[in-house]
Amino acid sequence: MNLYSFFSTLLILHLAVLIPTLICVESRNVGLKEFISRDDDKTSQGTRWAVLLAGSNGYENYRHQADICHAYQVLKKGGLKDENIIVFMYDDIVFNEYNPRPGVIINNPRGEDVYYGVPKDYIGNDVNVGNFLNVLLGNKSALTGNGSGKVVSSGPKDTIFIYYADHGAAGLLGMPGTSEALYANELHDTLKRKYKAGTYKSMVIYIEACEAGSMFEGLLKPGMNIYVTTASNASESSWGYYCPEDVPPSPSEYTTCLGDLYSIAWLEDSEKYNMKTESLYKQYGVVRRRTIAQNTNPGSHVTQYGDIKQLKNLCMYTYIGTNPENDEYKSSTKTNSKPVQMLSHSINQIDTDLIHFRLQYQKAPEGSKKKTTAWRKYKNAMQQRKYVDGSMDLVGKFLFGTAAKASNVIKAVRPAGQPLVDDWICYKAMVETYEKHCGPFSRYGFKHMRSLANMCNVGVKPDKMADASNYACTTLRKGSLQH
Ligand SMILES: *[C@@H]1O[C@H](CO)[C@@H](O)[C@H](O)[C@H]1NC(C)=O
Ligand SMILES: *[C@@H]1O[C@H](CO)[C@@H](O)[C@H](O)[C@H]1NC(C)=O
Ligand SMILES: *[C@@H]1O[C@H](CO)[C@@H](O)[C@H](O)[C@H]1NC(C)=O
């Protein structure tokens, strides 16, 4: 065997291994012969629908709305029409006093504007759970007077793509401000209703949030033609990206992260390559590799849920279209696994607010009002953290006697495949009861929510929580008055 034939054999073997993940099929039940996707839209493909939601507000959470705007640009270039893309974003970033480029939102240090043309379907307080679920269900009448009133009026041939970027906690996803969060059971009730209504062919859901896997773990019933990837597994943080003082950093005039690690990974892959040649599974692999912790760089485990086997070989094109300019850029495992990522770094979603306040403080002129404000915000954030941590310690001791006994319950994580909690009504009531006595958990406090679910799992009832949180937070407030 000469060298040439040796290498071509190697190449063929190599391709044989790669082909199953490289090529995608355009729809289910297509025979192997029709494997490669067709060129036009006149196939059995129905309408592509998309719902994009940024669940936060505030400049320190810039990145979530930036991710969502960027996703809109990708879908738009991919050929989806505005009438089929429904955007939820608080819309307090672009003209925010801290935004160094008024009128512009960027999701990448190179700084192309991603805000241009984004439909403002639901902004401000219209970004809420009820509206999101009604939009998904296509219930137009329920949205009267709310936002644009645009809903997913999908039919049985249509596909739906949902992308959500925000903070999350065990079994829930945040909504802006102090709006009630989206609990996993509510999402799944809605998905079941949508499935029963027969108004989609298949659905892809991408979620950027901490503990995002807990929204699906043990909950998503098979057979509903839904494929999900989450930025993080059920019990870990997800990560901000293009952050100040990081690698690669946001431009120096920004005191906030521009994006999130998982989101940037799927968005930058989708805008670069021909989505007619990339399967869902292929993108999952690319995104997972880019998001995982490497060496000393933190990261998270991108995780798949739902009808993985049935749907993973479908083309990304089926859900998000493709930019014709990328037709020549077939995605390949070699080119977009990005070894440069070894240099990258990312910041825990929970800490991004502190970075913003600290940098605002450092940048403000000595003695200015801006400096005092930034300092006050930083101090408040730190105090709030201490208060939430302290109150949860006291709640644990009140309910279980000692810190050690409490920690068995509080730190428990159920194995993969099991839902976070058996009684979702108990869980939600526990959260509401705590917040009634102690005030909002806020984004930092999200990390304690799993312990409330665990309390339900060992039989603690919300009325017991009322006593515990009342005791804990009265004690803490008394303590702080004495100083
Ligand atoms: C739509 O929403 C309205 C108001 O919330 C409700 O009364 C109605 O039953 C809903 N329709 C469907 C088909 O779910
Ligand atoms: C928005 O929708 C809710 C729920 O359907 C409704 O109660 C409310 O009146 C609507 N808002 C406005 C401004 O009409
Ligand atoms: C989830 O992530 C955490 C933290 O990275 C890790 O310790 C744990 O093993 C992961 N669990 C699963 C099921 O992947």
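Predicted model: local features only at pLDDT ≥ 70, side-chain atom pairs only at ≥ 80, totals over all residues.
Okay, housekeeping: local features need pLDDT of at least 70 and side-chain atom pairs count only at pLDDT 80 or more, while totals for chains, interfaces and linings use all residues. Residues are numbered from 1 along each chain as its sequence is written, and chains are lettered from A and ligands numbered from 1 in the order in which they are written.

Helices first. The axes of α3 (residues 129-137) and α4 (residues 184-197) come within 9 Å and cross at roughly 20°. Helices here are DSSP H or I runs of at least four residues, strands are E runs of at least two, both numbered from the N terminus. Axes are lines fitted to C-alpha atoms over the stretch in contact, with angles from 0 to 180 degrees between N-to-C directions. So α3 and α4 are roughly parallel, meaning an angle under 35 degrees. On the α3 side, V129, L133, L136 and L137 make the contact, and α4 brings E186, T190, R193 and K194; contact means C-beta atoms, placed from the backbone, within 7 Å.

Next, the sheet: three strands, open, ordered β4-β5-β6 with antiparallel pairing. Pairing takes at least two DSSP bridges. β4 (168-169) and β6 (182-183) are at the edges with a single partner strand each, so one side of each has no neighbour in the sheet. L173 has L182 of β6 as its bridge partner.

Finally, ligands. Around ligand 1 sit L137, N139, S141 and A142, where near means a C-beta atom, placed from the backbone, within 6 Å. Ligand 3 has N233, S235, E236, H301 and A416 around it.

Key
Parallel < 35°, antiparallel > 145°, perpendicular 65-115°, else oblique. Contact = placed C-beta atoms within 7 Å.
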